[in-house]
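Q: Can we go through this one together? I'd like to look at the aromatic rings and then the backbone.

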Amino acid sequence: MKPTPPPRPADPRPLSETEEETGTDTLTQTAAPFKVVLFNDEEHTYDYVVEMLTQVCKLSKQNAFRCAVEVDLTGRTIVYYGSRKNCDSTCSRIMAYGPDHRLPQSMGSMNAEVQGH
């Protein structure tokens, strides 16, 4: 992602795979058989990722920022757990979100996929 990441938050721990961020915050992994994985690229800013995740996945800004840091550092982050139908819908909304207007080279949405446990 571009530009250079902003200073790390006070609690920079990435989300573990036993946590999932939803509109009501955490959901244990064992309660849901599928997950949506977001992949890093160089065509989207931290601001884009935070904006997209707060709107599409209903994450808090803090948790969306944690996901942005994790995807930038590791290349991927889990942004949603749920049923296959809900994960497919969430993944489709991520991939239809559109380009990052902050970067001229951004030509489309970020890439994500649904994975089973």
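The chat below covers ring pairs and then one backbone angle.

Q: What kind of model is this?
A: This is a predicted model.

Q: How many aromatic pairs are there?
A: The count comes to 2 aromatic pairs. One of them is Tyr46 with Phe65, with 5.7 Å centre to centre and 45° between the planes, which makes the pair tilted.

Q: Which helices do Tyr46 and Phe65 lie in?
A: Tyr46 lies in helix α1 and Phe65 in helix α2, so the pair ties together parts that are 19 residues apart in sequence.

Q: Are Tyr46 and Phe65 buried or exposed?
A: Both Tyr46 and Phe65 are buried.

Q: And what about Tyr48 and Tyr97?
A: Tyr48 and Tyr97 form an edge-to-face pair, at 5.6 Å centre to centre and with 80° between the planes. The planes count as edge-to-face because the cut-off for that label is over 60 degrees.

Q: Where do Tyr48 and Tyr97 lie?
A: Tyr48 is in helix α1, while Tyr97 is in the loop between α3 (84–95) and β5 (112–116), so this pair ties together parts that are 49 residues apart in sequence.

Q: Is Tyr97 buried or partly exposed?
A: Tyr97 counts as partly exposed, at 23% relative accessibility. Tyr48 is buried, with a relative accessible area of 1%.

Q: Changing topic: what is the phi of Lys58?
A: Lys58 has a positive phi of about 60°, although it is not a glycine. Most residues other than glycine have a negative phi.

Q: Where does Lys58 lie?
A: Lys58 sits in the loop between α1 (46–56) and α2 (61–74).

Key:
Residues are numbered from 1 along each chain as its sequence is written. This is a predicted model: local features need pLDDT of at least 70, side-chain atom pairs count only at pLDDT 80 or more; totals for chains, interfaces and linings use all residues. Side-chain values use heavy atoms; hydrogens and water are left out. Helices (H or I, at least four residues) and strands (E, at least two) are DSSP runs, numbered from the N terminus. Rings of Phe, Tyr and Trp (its six-membered ring) pair if their centres lie within 6.5 Å; planes under 30 degrees apart count as stacked, over 60 as edge-to-face and the rest as tilted. Buried means under 20% relative accessible area, exposed over 50%, partly exposed in between (1.4 Å probe, protein chains only).
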